[in-house]
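Walk me through this model, please. Begin with the ligands and what surrounds them, then move on to the sheet and the helices.

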Amino acid sequence: MKVGLLFGSFNPIHTGHLILANFMATHTDLDAVWLVVSPQSPFKIGQEMLPEEERLALVQLAIRGNNRLEALDIEFRMPKPSYTIDTLDALRRRYSEHQFVLLMGEDNLPGLTRWKEAERILADYAVYVYPRPGVDITTVETRANTWVVDAPLLDISATFIRECVQKGKSIRYLVPDAVEARILSQGYWRT
Ligand SMILES: Nc1ncnc2c1ncn2[C@@H]1O[C@H](COP(=O)(O)OP(=O)(O)OP(=O)(O)O)[C@@H](O)[C@H]1O
Ligand SMILES: O=C(O)c1ccc[n+]([C@@H]2O[C@H](COP(=O)([O-])O)[C@@H](O)[C@H]2O)c1
């Protein structure tokens with residue numbers, strides 16, 4: 001299988017992630033997309049987050065019934081912060097029968113040089129880059145193993161979802177119904 005990997009904090013997962021993941025899993029040569037929940041992004045240290053188990057539960061609710069998408073908790077049992085190259089290597093060792101592709105927003109490419117072993121990520125793994133609003137595609141360096149996929153996107157973020165909930169504003173359709181129901185019933189970001 002050729003598997004796309006979408007790494008994220010997913011605090012919480014939203015329709016933007018889901019549109020992208022499902023498009024990649026169904027409109028490209030990928031057979032599946034795995035959503036890897038990162039307990040601790042190296043770039044979000046000190047930021048308050050829902051417990052990783054709860055972020056994973058929300059991802060599982062969101063993708064229920066979609067057999068091309070899967071939620072992964074592999075980073076829960078790895079050292080923190082969660083370095084993507086270490087997870088890529090662990091996945092490759094564990095699933096040697098699969099071919100892995102990293103999915104990445106264009107907005108993340110300039111910052112990639114600050115990632116652990118960025119050069120090796122690009123040398124050892126294919127990357128499918130999708131455009132993000134406000135980023136000029138011509139400024140993005142395209143490399144041998146990097147492919148731009150013109151996926152339809154929704155311009156929302158987890159930050160926006162949390163802000164809406166904090167202000168008592170609706171998040172209907174911005175997250176799946178089951179995710180909305182759980183966020184509201186648990187009272188997340190309300191106080
Ligand atoms: N609307 C979106 N469409 C496509 N990709 C997205 C969207 N929002 C986030 N992503 C990408 O999904 C991955 C995981 O995102 P992450 O969990 O950090 O969510 P986020 O919405 O960017 O969170 P936050 O607002 O809390 O920073 C990142 O690579 C991010 O660039
Ligand atoms: O490997 C790294 O050095 C690295 C640096 C920054 C971010 N990442 C990963 O990228 C994903 C999205 O991170 P963020 O900060 O945009 O939520 C998440 O899975 C992080 O672990 C990874």
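Ligand 1 has 16 residues around it, and Gly8, Gly16, Ser157, Ala158 and Thr159 come nearest. A residue is near a molecule if its C-beta atom, placed from the backbone, lies within 6 Å of it. This is a predicted model: local features need pLDDT of at least 70, side-chain atom pairs count only at pLDDT 80 or more, and totals for chains, interfaces and linings use all residues. Residues are numbered from 1 along each chain as its sequence is written, while chains are lettered from A and ligands numbered from 1 in the order in which they are written.

Three elements, β1, α1 (15-27) and α5 (158-166), each give at least two residues to the shell around ligand 1. The top contributor is α1, with three. Helices (H or I, at least four residues) and strands (E, at least two) are DSSP runs, numbered from the N terminus. By class, this shell of ligand 1 holds seven nonpolar, nine polar and no charged residues. Here Ala, Val, Leu, Ile, Met, Phe, Trp, Tyr, Cys and Pro count as nonpolar, Asp, Glu, Lys and Arg as charged, and the others, Gly among them, as polar.

Strands pair if DSSP finds at least two bridges between them. One pairs Val127 with Thr146 of β6.

Two helices also pack together. α2 (residues 52-63) and α6 (residues 177-186) have axes 8 Å apart, at an angle of about 150°. Axes are lines fitted to C-alpha atoms, for helices over the stretch in contact, and angles run from 0 to 180 degrees between N-to-C directions. α2 and α6 are therefore roughly antiparallel (over 145 degrees). Leu58, Leu61 and Ala62 of α2 meet Ala178, Val179 and Arg182 of α6; contact means C-beta atoms, placed from the backbone, within 7 Å. This contact of α2 with α6 has five nonpolar, no polar and one charged residues.

Methods:
Parallel < 35°, antiparallel > 145°, perpendicular 65-115°, else oblique. Contact = placed C-beta atoms within 7 Å.
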